[in-house]
Amino acid sequence: MFVFHAGSFILAIVTIFYIFYATSFILSLRQKELGMYMTLGAKKNKVTKMMFIETLMIGMISLAIGLFVGVGITEVISKMIMNQLNFSGEGFQPFYPSSLITTIIFYVILFLLTAMVNAWKVAKKTVLELLHSEQKADILTSKGWKTVIGAFISLLLIAIGYYVMIHMGTFLHVGVIVAVFTVTPGTYFFFMALLPFLIRRVKSIRSINEKGLNSFTFAQLRFRISQLTKVLGTVAMLIALGLGGAMAAGLSFYHNTAIQASLVHANDVTIHQPTEEELSEIESWEFIEKNSYSYKVTEDGVYFLKNDLQNSPPSIKTYSDDPSALPVEERVTTPLSQPEYSQGEIPEDWLEAFRSELLVTPSLFGERELYILDQQSFEQLNASAEQIILGKVESFTDHIEILKQIDKKHVNLAKAYTGEKPLMIGSKSETYTSLKNLASGTIFMGLFLGVAFLMMMASVLMFKLLSSATADIKRYHMLNKIGGVRREKLSNSIHKELFLIFLFPALLGFVHVLVGMEMFSIILIEPFTKFWIPVVIFLIIYFLYYLLTVQMYKRIVLPKKK
């Protein structure tokens with residue numbers, strides 16, 4: 001519940017930021033039109049009131065559509081994610097009355113605030129300011145020592161943050177705080193000082209600047225960056241949070257459950273008294289190693305045939321004295337030189353093999369003693385011979401559903417031997433399922449938040465670029481008329497300019513993710529497991545928003561085709 005509430009809170013904060021950008025985009029497109037109304041005699045209070053009502057109504061219509069579509073999408077996506085995670089998610093419903101009421105109250109208040117802010121922005125501007133809203137003086141970024149100091153501070157803060165994240169095992173909680181208060185301002189300083197400096201350096205290279213429309217493109221980019229420093233910094237941080245902190249970390253937790261289960265068990269499959277159906281099922285499995293052991297069960301004990309154990313000694317996990325070191329897989333090597341062994345005489349590594357790999361535990365056999373017998377004594381024992389199959393497979397998780405069914409059979413065997421139903425047998429599939437169940441809620445929320453963050457950060461950048469597009473109309477029209485530049489070349493220039501604007505925060509955000517994932521190495525064995533999955537999702541979402549932004553931007557600024 002804490003994870004879900006924390007995730008909802010973070011999502012709410014980002015949503016506030018997102019909605020204000022979206023509504024400011026609407027206002028930027030309407031300012032000249034509102035100025036025309038005032039020029040034609042409309043009173044400012046009437047225009048302000050109209051803007052307030054319009055913003056509020058758009059918000060209410062969006063809320064109604066969003067609730068309807070959102071419930072449907074949540075139903076589909078939640079089931080899809082839960083099925084992939086084998087996560088039941090009891091109590092989770094796409095339509096929940098109390099959550100619906102909370103959502104409506106939150107968005108109504110938010111849209112009221114944005115409507116008031118838009119109305120206030122209109123009210124404080126004169127008619128001339130509204131009519132010429134797109135004719136703003138471009139603010140150039142500072143040069144000289146300020147840029148040098150800003151760039152140095154950016155690199156220093158990011159370097160400190162990266163060092164702390166890489167060595168998170170040493171710094172722990174203090175490291176998290178230091179990383180937040182260094183990487184975040186360092187990112188904003190990067191876009192305020194270092195990036196403008198790099199763009200100026202590239203523009204000063206004549207072979208690049210004088211090629212085609214590059215001079216115009218870099219000039220546009222240079223002016224644009226000065227207006228986008230905060231947005232680019234925010235987008236880079238949202239990429240780090242969405243791609244790294246939510247999606248990549250969540251999926252790493254999910255895929256690391258199999259790795260963590262392998263730290264406890266050296267073998268993947270343990271089948272007591274296999275049935276014909278089970279033998280037929282595992283016949284098609286790709287075994288790396290498969291061994292069979294004979295045993296008999298009486299009222300007093302469990303007896304294993306020594307020849308089977310000696311001929312195919314099982315592997316076990318062994319631990320060193322270093323608590324930070326991972327367990328190592330080793331073959332049981334202690335020889336069984338005596339003809340027979342009672343439980344107190346069995347070597348410790350063999351006892352570990354019986355407990356963790358062969359599952360000869362009180363959960364399955366109760367208080368029966370464990371014995372190892374030679375061939376002659378084993379055959380003289382008055383009990384039916386049973387079999388255990390122990391093995392390693394290529395892909396353990398591919399067979400998890402079958403292994404769960406085998407675990408259920410083991411539970412029934414335990415009930416027959418002990419008269420009680422055990423809570424757990426101790427198999428690898430049980431360990432894996434338990435670990436995954438513990439992490440599934442966090443993973444589920446991580447995927448939801450990750451997708452939400454990635455879509456929001458891309459659309460925030462889109463809205464900011466489009467909100468300033470009206471100021472560029474005259475530049476592109478003038479270049480088309482005076483310079484005779486064809487529409488296709490202007491289109492290519494837009495593609496290149498917006499691609500670079502989308503690229504800068506993506507690169508820095510991605511580097512943040514790569515370094516930030518090292519933080520999870522203190523709790524995950526392989527933090528980059530299946531890392532390509534969230535990266536592909538991010539690239540698809542980001543590229544689609546880039547294409548959408550380019551198309552909408554061209555429709556605003558380019559001359560119409562005749």
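Trainee: Which ring face does Lys428 lie over?
Mentor: Lys428 lies over the face of Phe396, with 4.6 Å to the ring centre. To count, NZ of Lys or CZ of Arg must be within 6 Å of the ring centre and within 35 degrees of the ring normal.

Trainee: And what does the charged end of Lys296 sit over?
Mentor: The ring of Phe378, where the charged end of Lys296 is 4.8 Å from the centre.

Trainee: What kind of model is this, and how are residues numbered?
Mentor: It's a predicted model, so local features need pLDDT of at least 70 and side-chain atom pairs count only at pLDDT 80 or more, while totals for chains, interfaces and linings use all residues. Residues are numbered from 1 along each chain as its sequence is written, and side-chain values use heavy atoms, with hydrogens and water left out.

Trainee: OK, rings next. How many aromatic pairs are there?
Mentor: The count comes to 17 aromatic pairs. Rings of Phe, Tyr and Trp (its six-membered ring) pair if their centres lie within 6.5 Å; planes under 30 degrees apart are stacked, over 60 edge-to-face and the rest tilted. Phe106 and Tyr107 form an edge-to-face pair, at 5.1 Å centre to centre with 90 degrees between the planes.

Trainee: Why is the pair of Phe499 and Tyr546 called edge-to-face?
Mentor: Because the planes are at 75 degrees, with the ring centres 6.0 Å apart. That pair links distant parts of the chain: Phe499 is in helix H17 (residues 487-516) and Tyr546 is in helix H18, 47 residues apart. Helix and strand labels are DSSP runs numbered from the N terminus (H or I, at least four residues, for helices; E, at least two, for strands).

Trainee: Is Tyr546 buried or exposed?
Mentor: Tyr546 is buried, with a relative accessible area of 9%, whereas Phe499 is partly exposed at 44%.

Trainee: Which residues form the aromatic cluster with them?
Mentor: Phe499 and Tyr546 form one aromatic cluster with Phe502, Phe538, Tyr542 and Phe543.

Trainee: What about H18 itself, how far apart are its end C-alpha atoms?
Mentor: They are 37 Å apart, which agrees with the 38 Å that the 26 residues of H18 (residues 532-557) should span at 1.5 Å a residue. The expected span is 1.5 Å times one less than the number of residues. Buried residues of H18 include Phe538, Tyr542, Tyr545 and Tyr546.

Trainee: How does helix H14 do on span?
Mentor: H14 (residues 400-418) has 19 residues and reaches 26 Å from its first C-alpha to its last, close to the expected 27 Å. Its buried residues include Leu403, Asp407, Lys409 and His410. Gly419 follows H14 and has a positive phi, near 85 degrees.

Trainee: Where does Leu359 lie, and what's its phi?
Mentor: Leu359 lies in the loop between helix H11 (348-357) and helix H12 (362-365). Its phi is positive, about 60 degrees, although Leu359 is not a glycine. Leu359 is also buried, with a relative accessible area of 1%. Gln273 has a positive phi too, near 50 degrees, and lies in the loop between strand E1 (269-272) and helix H9 (276-282).

Trainee: Switching to packing: at what angle do H5 and H6 pack?
Mentor: Helix H5 (residues 145-166) and helix H6 (residues 168-203) pack at about 150 degrees, with their axes 6 Å apart. That makes H5 roughly antiparallel to H6. Axes are lines fitted to C-alpha atoms over the stretch in contact, and angles run from 0 to 180 degrees between N-to-C directions. Under 35 degrees is roughly parallel, over 145 roughly antiparallel, 65 to 115 roughly perpendicular, the rest oblique.

Trainee: And how do H6 and H17 pack?
Mentor: At an angle of about 140 degrees, with the axes of H6 and H17 12 Å apart, so H6 and H17 are oblique to each other.

Conventions:
Buried < 20%, exposed > 50% of the residue type's maximum accessible area, 1.4 Å probe, protein only.
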